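Q: Please take a close look at one part of this model, the protein surface around the DNA, and then set it in its wider context.

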There are 2 protein chains.
Amino acid sequence: MTRRAFHHEPEAVRQNDLIAATLDSIAELGLAGATVREVANRAGVTPGLIRRYFDNKERLVAAAYRTFISDLTAAAEAGCGEGSANSKLAGLIRASVTAPVADGRALSIWAAFIGTVNSDPVMAEAHREGYQAFRDLIERLAGEVMAERGVTASQQEIRSKAIVLNALLDGLWIEISMGGDDFSRVDVVRIALDSVATLLGIDPAEFRE
Amino acid sequence: MTRRAFHHEPEAVRQNDLIAATLDSIAELGLAGATVREVANRAGVTPGLIRRYFDNKERLVAAAYRTFISDLTAAAEAGCGEGSANSKLAGLIRASVTAPVADGRALSIWAAFIGTVNSDPVMAEAHREGYQAFRDLIERLAGEVMAERGVTASQQEIRSKAIVLNALLDGLWIEISMGGDDFSRVDVVRIALDSVATLLGIDPAEFRE
DNA sequence: GCACTAATTAATCAAGTGTATAATTTCAGA
DNA sequence: TCTGAAATTATACACTTGATTAATTAGTGC
């Protein structure tokens, strides 16, 4: 009776593998399906090992959430590119409503985590951070775009616009990621860009470039 | 050793109680906290009784979801009232961004269920129904409002508007229900109404009445 | 090549889960 | 008041969960 072979891995690698396995489990089986055993199997590892890298399962899940949110917002922000505020905002929007930001897997994971926010203070805090950061980014870009276009607006008005824009992007992201409607026949990018331009009081034709 | 007293209840009452207890459990403790024993306790009943009214826990949860979504959309639609399409749409929006439709409890429950949609076909179907119905309502109202205002738009354009409006309402509902931002100093109803009017190409001052 | 440390496995535990079933109680009808 | 059927409780079972610990293996420095 021989034990199964294994080899040592650097701490960072193992942690990443475990987090990736956790996110995969959640995406496919839901939070309830992300058991210690399931995660360990997917990571090609034994359940007991998890405890060496994460104090307990709660920590593992929290770490997975931070990684997920961080990667998701990074992917969205990568769409900004370099250029005018206008092109940055347009790029952010484009990225937000297309893959890999907008897809079923991301939605599943996001929803699973959101469901815990109300009953888990640790999750609530981790969530608040990521959310706030994204909305601040939108608020800044929206303000700059309006300034570029010569649209005058008070800080209060800009803030209101940001709230609306953020809500719109969130909603579109959910709708598209859910994939219920036949979005293949609808140009969601165009719809998103035009809507944002309209809300900012900018000519849609000028906004998208 | 005497058993605890109890009394018979009509089937509908017991089912309602069990569903209400399930939703309460989910709202406070998350889906994982909604165990058979927890639900039974809240309903003032013994765990075994659940099986008399629902074949298994999965059925109970699914029934709770349908009740929840049904009640939520009914509360939103109640805001429509009777009158012009304009006032109906405005009423729907007003109701969607204020309590009891928009509040933390509803968001918690919604999120918990959404998290299961991807891994549970039964939940996916139950969800699709409720979602589709709401978007059809918005599409109809939006079309009527534009017709009232003399704004000409193709069916395709109306459909696009409905997608955007639905996304905006969803996003605002989430933001407000999450309660992260200091919405006490922001008139969310006004923001929502003005945004929708702008997106439909209608004068905001005329839209809100 | 050898020992030593750290990483990993394997096996086990107590607690909690959904489910099943038999024993009891309630209540309506005669 | 009594009886029978339906509703409810109590108890138990098999299984899964996260956690713990001792035994074993891999790799590093000498």
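Which residues come nearest to DNA strand D?

A: This is a predicted model, in which local features need pLDDT of at least 70 and side-chain atom pairs count only at pLDDT 80 or more, while totals for chains, interfaces and linings use all residues. Residues are numbered from 1 along each chain as its sequence is written, and chains are lettered from A and ligands numbered from 1 in the order in which they are written.

Start with DNA strand D. There are 27 residues around DNA strand D, and A:His7, A:Thr35, A:Asn56, B:Thr46 and B:Gly48 come nearest. Here a residue is near a strand or molecule if its C-beta atom, placed from the backbone, lies within 6 Å of it. Both protein chains take part. Helices (H or I, at least four residues) and strands (E, at least two) are DSSP runs, numbered from the N terminus. Helix 3 of chain B has the largest share of this surface, 4 residues. By class, the surface near DNA strand D has 8 nonpolar, 9 polar and 10 charged residues. Ala, Val, Leu, Ile, Met, Phe, Trp, Tyr, Cys and Pro count as nonpolar, Asp, Glu, Lys and Arg as charged, and the others, Gly among them, as polar.

Now DNA strand C. It is surrounded by 26 residues, and the closest are A:Thr46, A:Gly48, B:His7, B:Val36 and B:Asn56. At least two residues each come from helix 3 of chain A and from helix 2 (36-42) and helix 3 of chain B. Helix 3 of chain A gives the most, with 4 residues. The class count near DNA strand C is 8 nonpolar, 9 polar and 9 charged residues.

Next, the relation between the two protein chains. Chain B superposes on chain A by a rotation of 180° with 0.0 Å of shift along its axis, at an RMSD of 0.0 Å. The two copies are therefore related as by a two-fold rotation axis. The same surface serves both copies, since 100% of the contact residues of chain B recur in chain A. The superposition is by least squares on the C-alpha atoms of residues with pLDDT of at least 70 in both.

The chains also touch each other. In this interface, 34 residues of chain B are in contact with 34 residues of chain A. Contact requires the C-beta atoms of two residues, placed from the backbone, to lie within 7 Å. On the chain B side, two or more residues come from each of helix 1, helix 6 (104-117), helix 7 (121-148), helix 8 (155-178) and helix 9 (188-200). Helix 8 of chain B has the largest share, 11 residues. That side of chain B has 16 nonpolar, 14 polar and 4 charged residues.

A:Leu172 sits in helix 8 (residues 155-178) of chain A. It counts as buried because it has 26 C-beta neighbours inside 10 Å. The cut-offs are 20 or more other C-beta atoms within 10 Å of its own for buried, 12 or fewer for exposed, and partly exposed in between, with C-beta atoms placed from the backbone. Not counting residues up to four places away in sequence, A:Leu172 touches A:Val97, A:Val188, A:Ala192 and B:Ala167.

For contrast, take A:Gly201. It lies in the loop between helix 9 (188-200) and helix 10 (204-207) of chain A. With 12 C-beta neighbours inside 10 Å, A:Gly201 counts as exposed. Its C-alpha atom is separated by 9.5 Å from that of A:Arg149, 52 residues apart along the chain.

Finally, the chain as a whole. Chain A has 10 helices and 0 strands. Its C-alpha atoms fill a box of roughly 75 × 35 × 35 Å, taken along the principal axes. Of its 209 residues, 41% count as buried. Among contacts in chain A with a separation of 6 or more, 58% join residues 24 or more positions apart. A cis peptide bond joins A:Ala99 and A:Pro100, with omega about 5°. A:Pro100 is in the loop between helix 5 and helix 6 (104-117) of chain A. In chain B, the peptide bond from B:Ala99 to B:Pro100 is cis, with omega near 5°.
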